[in-house]
Each structure stands twice: as C-alpha cells, then as structure tokens.
Amino acid sequence: MEPYELSLAQASERIRTKELSPLELTRSALDRLHAVEPEIKAFAFVSEESALSEAAAAGEEIAAGTYRGPLHGIPIGVKDLYDTAGVPTTSSSAVRADHMPTTDSAAVARLYDAGVVVLGKTHTHEFAFGATTPTTRNPWDTSTVPGGSSGGSGAAVGAGVTLIGLGSDTGGSIRIPAAVCGTVGLKPTYGRASRAGVASLSWSLDHVGPLTRNVTDSAVVLNAMAGYDRRDPASVDRPVPDFTAGIEDGVRGMRIGIPRNFYTVDVDPEITAATAASAVLLESMGAELVEIDIPYADLVVSTLWGIMMPEASAYHRDAIRATPELYTEEVRDLILVGEAILATDYINALRVRTLMQRAWRDLYESVDVVLAPSVAALALDAEDPVATWEDGRVEAGTSVYSRLSGPANLTGMPSLSVPSGFSRSGLPMGVQLIGRPFEEAVILRAGRALERATDVVGRIAPLGGHTTGAPGAVADRTRLAAAGVAI
Amino acid sequence: MDSTVFAALLQSAQLTLAPEQIEELSSVAIATLSSVRKVSEVELGETPPQSAFNASWE
C-alpha cells in the first residue's frame with residue numbers, strides 16, 4: 001500500500017509512531033497528484049515547494065518530540081475561495097487572477113495550527129456560483145463533472161491525492177461533490193466554523209467544512225475548524241465538543257426521518273434505491289424509521305435563490321460593472337439577474353426562512369436525524385451537464401445538484417454526505433444525514449454506523465495506475481438485495 | 001412579468017446592457033424572478049426576517 005492510500009487515521013498513527021514521515025506522505029500525495037491531475041484538473045495551483053517545506057518542518061517538529069495531533073503532517077487541498085497567505089487565491093475566476101492574499105483565512109490558520117501541509121488550491125465553480133465545476137473532471141469517470149462548487153476538492157479526495165479537501169457550502173457545495181466523487185462531506189451548523197477570509201457567495205447561507213475519505217476523518221477536521229471568531233458575523237460563541245467522541249456508539253434507538261415528499265421527486269431511481277437501502281441498514285442496526293413530510297417543500301428553491309442571488313449580486317456589484325467580460329457567461333448572467341430581484345422579495349425570502357426554521361424544529365420533535373439523497377442525479381456529462389427526466393423535462397446541472405441541499409442551508413442545520421453505493425455504471429452515490437443545530441456529533445455517529453455496515457466508503461477512484469475502486473455493480477446490487485431493496 | 005419589466009429593473013439598478021443581451025437573458029430572468037416572487041405570496045403576518053446583527057463589540 002502506498003502512503004497516499006492510507007486513511008487519515010492510519011496516516012496519523014504512522015506519523016505519530018514515526019513509521020511514516022510527513023515528507024514521505026507528502027511526496028506520495030504529490031506523486032499521486034502528478035499521476036491523475038492531467039485527467040482530473042482538480043487544482044488551480046499546486047504549491048509543491050512550500051508543501052515539501054511544510055512537511056519537512058512537521059517531520060522535524062515531531063522528531064523533536066512535539067506532536068500536535070492527528071492532523072500533524074497531513075496533506076490537504078484548499079478550495080480556491082479560501083485565502084492562503086502568499087498563495088494565489090483566484091476563486092477560479094479571471095476576475096481574481098491577480099489576487100494574492102497576505103493572510104490566511106481563519107480555517108486555514110486553524111488547520112496550520114493543527115499541523116497540516118497545504119498541497120495546493122483546488123478548483124471551485126467560479127466564485128462558488130454553480131454546482132458543476134467546469135474546470136475539473138470526476139475521477140470515477142473523467143467524461144463527467146465532479147459536482148460543485150467544491151469540485152476540485154471532491155476530485156482530489158476521490159482520486160486519492162489528498163486526505164482532506166476544504167469546501168464551502170451555500171446550496172450544497174460540500175455535499176454535492178462529496179456524493180458525486182464518492183467522498184464524505186460535512187456541512188457543519190451555520191456559525192460553527194469561521195468563514196473569515198473565504199470569498200462569499202451568500203453571507204447568510206455560506207458554510208465551510210471538509211471533504212474527507214471517511215466519516216471519522218471529517219470529525220477530526222471539524223475539531224480543528226470549529227470555534228468562535230468575531231470576524232465572522234455568523235460565528236456562534238458556544239463550546240466545541242470533541243466530534244470523535246461517541247462516534248462508534250451506533251444508532252440503536254435513534255429516530256431516522258424518512259421523507260415522503262421533496263427528496264422523492266425527480267431523483268434518479270438508482271439513487272432512490274441506494275437511499276432506501278441505507279434506511280434499511282440503519283433500521284437493521286436498531287434505528288427507528290419515521291416517515292415525515294418536509295415542510296414548505298414548494299418554497300425551498302424560491303427561498304434559497306431569493307436569498308442567494310441578491311446577496312451574490314451585492315458582493316459582485318462593483319466587479320460586474322468594472323470587468324463584466326472577465327466572468328464566465330453563466331456566472332455573469334446569474335449576477336445580472338440577481339440585480340433585478342426586489343429588496344422586498346429578498347426580505348420576504350428571509351421571513352419565509354424563519355417559518356421554515358420553526359417548522360423544521362417542530363419536525364425534529366419526532367426524529368433525531370433526517371436521511372435523504374444528497375443529490376438527485378449521478379455525475380453528469382461534462383460536455384452537457386443536464387439531467388433529463390422520464391417525462392422528457394430537462395433540468396440544468398446546478399439545479400439538479402443543489403435542489404436537495406437547500407433545506408440544510410436555509411435552516412443552518414448540519415448535514416453529512418456519506419457514500420451510499422455505486423450505480424450500475426460505476427458512479428458514486430451518496431446520502432445525507434441532517435441533524436439538529438449543533439448536533440454534528442449525532443449525524444457523524446449515524447454516518448459512521450452506515451460506513452461500518454457497507455464497503456463503499458473510503459474507496460479511491462481507479463485512475464492513474466490505482467486499481468481498486470468501486471465494488472462493482474454486481475456487488476452493489478447484492479448489497480441492496482441483502483437489504484431487501486429491489487432495483 | 002416580461003422582458004420590458006426586466007429591462008426596467010436593470011435600468012433601475014443602473015446596469016447598462018445591450019438590447020440583445022437583455023433579450024438573451026430575459027427568459028431565464030423571468031423564470032427566476034417569478035420563482036423568487038413566490039416568497040412574497042406567502043402569508044407572513046408578523047414573521048420577522050432571519051437576519052443577523054450582533055451589537056456586541058466583543
């Protein structure tokens with residue numbers, strides 16, 4: 001086994017016991033990067049020299065007896081929205097081509113304190129305003145998109161380049177690439193992790209969090225990212241627990257909400273089947289399944305876009321007038337349309353959000369976690385990223401991918417995407433577990449239980465000489481059949 | 001809503017777009033603005049908006 005193939009827990013333990021040096025791990029990650037990057041184009045910038053230097057420094061520190069913890073010497077990819085001192089930070093846009101931050105974003109600074117090695121900046125859909133990441137390809141099928149907007153981080157983690165990718169999630173942008181690239185993705189509660197120094201798409205919907213190879217790794221990263229920061233007006237000053245504590249405790253007695261609406265409409269049948277199989281697995285481990293109705297389902301998309309678009313247009317107001325030609329056509333059009341949304345509609349979207357929060361709070365009197373598909377479609381064709389439904393309707397990629405993410409962004413509730421299986425065509429699928437505010441530990445526990453019960457989490461895409469990958473459609477159908485689900 | 005209204009809204013925002021660009025954008029814009037308008041058709045009563053402000057200096 002090559003070092004890049006290790007999980008975070010395995011790599012950390014070997015680094016702690018000095019069986020593996022951060023430099024060896026980083027060199028292995030860089031070798032993997034060079035092997036797959038021509039096919040997936042996950043990175044906007046590779047900071048090879050500084051990564052090797054950081055890894056060497058981490059190794060020296062550990063050799064001298066100072067081990068900072070499980071992230072010490074671990075290579076990560078940072079979404080190109082996050083400021084990184086002295087490293088270009090372009091938001092994958094020509095508009096920011098020359099942006100060179102002088103300080104690190106809060107999340108990067110915290111992770112540096114924990115000892116990480118930054119391998120480079122991963123591509124985002126331009127300014128995070130879209131869910132397909134056109135610059136990048138999906139490592140499981142390079143003719144398809146990696147999802148987005150944190151598509152570079154999804155591709156890098158899915159391809160086995162980095163153990164961790166940082167993402168941001170305004171309408172699903174952590175969970176979408178996680179599901180489509182076969183990784184775990186954690187959107188923490190709104191306000192749990194600081195967004196200071198991360199380019200905004202929509203201040204009242206933006207979240208930051210990790211994409212990782214497994215559930216426990218996400219808990220470890222959140223331990224480092226979480227905490228109050230006055231510079232972020234959404235940041236919440238409350239105690240930060242150890243998110244790995246109790247993660248192995250299982251789901252016995254946990255009430256899992258199974259939606260009867262919203263998450264059941266216009267969803268790929270294989271994804272629906274995999275989600276049902278996950279529910280059956282949770283039930284088989286002692287959870288109670290409770291059928292639920294998602295409140296204000298018909299207003300989710302209107303409310304999400306009614307908030308996101310005018311906030312994005314306000315953020316880009318000067319640049320869209322000064323250099324409109326530097327934006328891609330897709331994002332420029334969205335920003336222009338957002339300028340035409342009335343202030344009263346924007347405020348009313350925020351008021352509907354209040355109603356939604358109250359209704360979801362009531363809903364959680366009967367459940368502890370909601371289980372739902374992370375996205376409605378498999379990885380879409382990169383040349384024409386649309387879904388065509390049974391009745392012939394065509395839906396654009398960003399809509400297909402972000403539609404099911406909206407409730408957790410609007411309510412601020414934490415949501416964890418966990419691989420749920422592979423399609424017959426070998427593409428990853430994911431389920432999301434949505435929890436009460438600040439109960440990340442509960443969804444991590446449920447996610448870890450699902451992970452233990454399957455063989456689909458932690459796989460590295462078979463690319464660039466790596467030979468393992470998806471368990472295959474036959475194995476997957478067997479697993480679904482074992483769970484009592486017909487596909 | 002039609003493309004004339006969209007053009008007027010852009011003008012109000014002091015955005016100067018060529019007529020053909022407005023025409024190209026109109027169908028998407030009208031669909032989006034109509035979708036967003038649904039939030040103003042909800043009976044909201046005294047419901048306050050979810051907006052954050054922290055008066056603390058700490």
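This is a predicted model: local features need pLDDT of at least 70, side-chain atom pairs count only at pLDDT 80 or more; totals for chains, interfaces and linings use all residues.
User: How many helices and strands does chain A have, and what radius of gyration goes with its 487 residues?

Analyst: Happy to start there! The secondary structure of chain A comes to 16 helices and 13 strands. For 487 residues the globule rule gives 23 Å, and the value for chain A is close to that, so the chain is as compact as a globular protein of that length. Its radius of gyration is 21 Å.

User: What share of the residues in chain A is buried?

Analyst: A residue counts as buried when its relative accessible area is under 20%. Applied to the 487 residues of chain A, this gives a buried share of 63%.

User: How much area is buried between chain A and chain B, and which three residues of chain A supply more of its part than any other three?

Analyst: The contact involves 33 residues of chain A and 31 residues of chain B. Together the chains bury about 2700 Å², with carbon and sulfur atoms giving 62% of that area. On the side of chain A, 21% of the buried area comes from three residues: R230(A), L336(A) and R351(A).

User: Is D345(A) buried or exposed?

Analyst: The cut-off for buried is under 20% relative accessible area. At 3% relative accessibility, D345(A) counts as buried.

User: Which element gives the largest share of the side of chain A that touches chain B?

Analyst: The rule finds 12 residue pairs in polar contact across the interface. Elements of chain A that give two or more residues to this side are α9, α10, α11 and α12. The largest share, 13 residues, comes from α12(A).

User: How far apart in sequence are the parts tied together by E339(A) and R321(A)?

Analyst: The side chains of these two residues meet in a salt bridge at 2.7 Å, N to O. E339(A) lies in the loop between α11 and α12 and R321(A) in helix α10, so the pair ties together parts of chain A that are apart in sequence by 18 residues.

Notes. Residues are numbered from 1 along each chain as its sequence is written. Chains are lettered from A and ligands numbered from 1 in the order in which they are written. Side-chain values use heavy atoms; hydrogens and water are left out. Contact means heavy atoms within 4.5 Å. Buried area is the accessible area (1.4 Å probe) that two parts lose on being put together, summed over both. A polar contact is a pair of N or O atoms within 3.5 Å; within protein, one must be able to donate a hydrogen and the other to accept it, and residues adjacent in sequence count only if both atoms are side-chain atoms. Helices (H or I, at least four residues) and strands (E, at least two) are DSSP runs, numbered from the N terminus. The radius of gyration is taken over C-alpha atoms; the globule rule is 2.2 Å times the number of residues to the power 0.38. Buried means under 20% relative accessible area, exposed over 50%, partly exposed in between (1.4 Å probe, protein chains only). A salt bridge is a side-chain nitrogen of Lys or Arg within 4 Å of a carboxyl oxygen of Asp or Glu.
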